Amino acid sequence: MAFNLQEQSISYGDFTVLSDFSLSIKKGEKVALLGKSGSGKSTLLKHLFDLEKENSTYIPQELGLVNNLSVFHNVYISKLDENSLFVNLRNLILPSKQYKDEILKVLKEVELEDKLHSKIANLSGGQKQRCAISRAVFDKKQILLADEPISALDEYLSDEILKLLTTKFETSICALHNVDLAIKNFDRVIGLKNGKVLVDKACSDLNEDDRQKLYYVCD
Ligand SMILES: Nc1ncnc2c1ncn2[C@@H]1O[C@H](COP(=O)(O)OP(=O)(O)OP(=O)(O)O)[C@@H](O)[C@H]1O
């Protein structure tokens with residue numbers, strides 16, 4: 001099991017976002033969290049990340065990129081913990097060929113290879129998002145927790161990126177607003193409304209009523 005929450009409440013101070021909340025996610029599942037703004041998707045993802053920090057990589061909505069560093073450096077950041085101070089400093093000043101090649105390979109998968117040396121500050125919103133996605137892929141963790149990772153991308157790239165995110169990680173859990181892309185790319189969809197689960201089904205089992213509910217929770 002990747003996650004097993006039983007009747008949990010998740011709050012900010014006195015304000016409870018998810019109450020008596022139960023959710024089990026098995027290893028290997030690809031889960032889309034759907035729901036409109038304020039329904040509790042980010043709160044749930046952050047909670048899951050807190051539970052499994054060691055095995056997870058998290059893409060927050062605000063991306064967490066360093067604006068005055070390059071794409072190379074922002075992707076490399078995920079490996080800071082694995083290398084010695086000396087190796088990190090050397091790569092910050094003069095990126096090694098090995099890391100450059102490895103990072104270029106990941107950037108190619110998100111069509112960002114021409115921006116390896118560009119500063120984050122000089123990228124578009126969608127390019128920044130793809131840089132954060134590259135950093136997560138390069139991190140090579142078992143679990144992906146992504147908060148609206150495609151919100152700034154066009155339909156074609158969104159579909160390509162979701163394919164990547166659901167194949168590169170053993171378990172993927174992504175918050176999304178697009179019902180059709182969720183059903184197309186994930187095995188299971190969870191529709192949240194005001195901190196409650198309205199739909200939780202395998203995509204292969206969805207009937208017309210479930211689909212309408214999913215559109216309703218995202219409207
Ligand atoms: N740090 C915080 N302190 C207090 N309340 C918060 C905090 N973060 C979120 N909330 C509240 O928790 C509720 C759920 O917010 P959350 O960000 O989880 O929703 P969401 O579904 O991810 O929305 P969006 O699609 O806009 O990102 C909202 O009512 C929000 O105002």
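**View 1. Contact between domain 1 and domain 2 in the predicted model****.** In this predicted model, eight residues of domain 1 are in contact with eight residues of domain 2. Helix H6, which spans residues 155-167, contributes three residues to the side of domain 1 that touches domain 2, and this is the largest share of that side. Sorted by class, the residues on this side of domain 1 comprise seven nonpolar and one charged, with no polar residue among them.

**View 2. The two domains of the chain****.** According to the domain assignment, domain 1 is made up of two stretches, 1-55 and 142-219, while domain 2 covers 65-140. Between the C-alpha centres of domain 1 and domain 2 there is a distance of 27 Å.

**View 3. Packing of helix H4 against helix H5****.** Two packed helices are described by the angle between their axes and the distance between the axes. Here helix H4, residues 97-109, packs with helix H5, residues 125-139, at an angle of about 125 degrees, and the axes of the two helices are 9 Å apart. Because of this angle, H4 is oblique to H5. The crossing that H4 and H5 form is a right-handed one. On the H4 side, the residues that take part are Ile103, Val106 and Leu107, and they meet Ser134, Val137 and Phe138 of H5. This contact of H4 with H5 consists of five nonpolar residues and one polar residue, with no charged residues.

**View 4. The shell of residues around the ligand****.** In terms of class, the shell around the ligand holds eight polar residues, three nonpolar residues and one charged residue.

Definitions and conventions. Residues numbered from 1 in each chain as written. Predicted model: local features only at pLDDT ≥ 70, side-chain atom pairs only at ≥ 80, totals over all residues. Near = placed C-beta within 6 Å. Nonpolar A, V, L, I, M, F, W, Y, C, P; charged D, E, K, R; others polar. Domains from an automatic or database assignment. Contact = placed C-beta atoms within 7 Å. Helix = DSSP H or I, 4+ residues; strand = E, 2+ residues; numbered from the N terminus. Axes fitted to C-alpha atoms, helices over the stretch in contact; angles between N-to-C directions. Parallel < 35°, antiparallel > 145°, perpendicular 65-115°, else oblique. Left-handed = near helix turned anticlockwise from the far one by under 90°.
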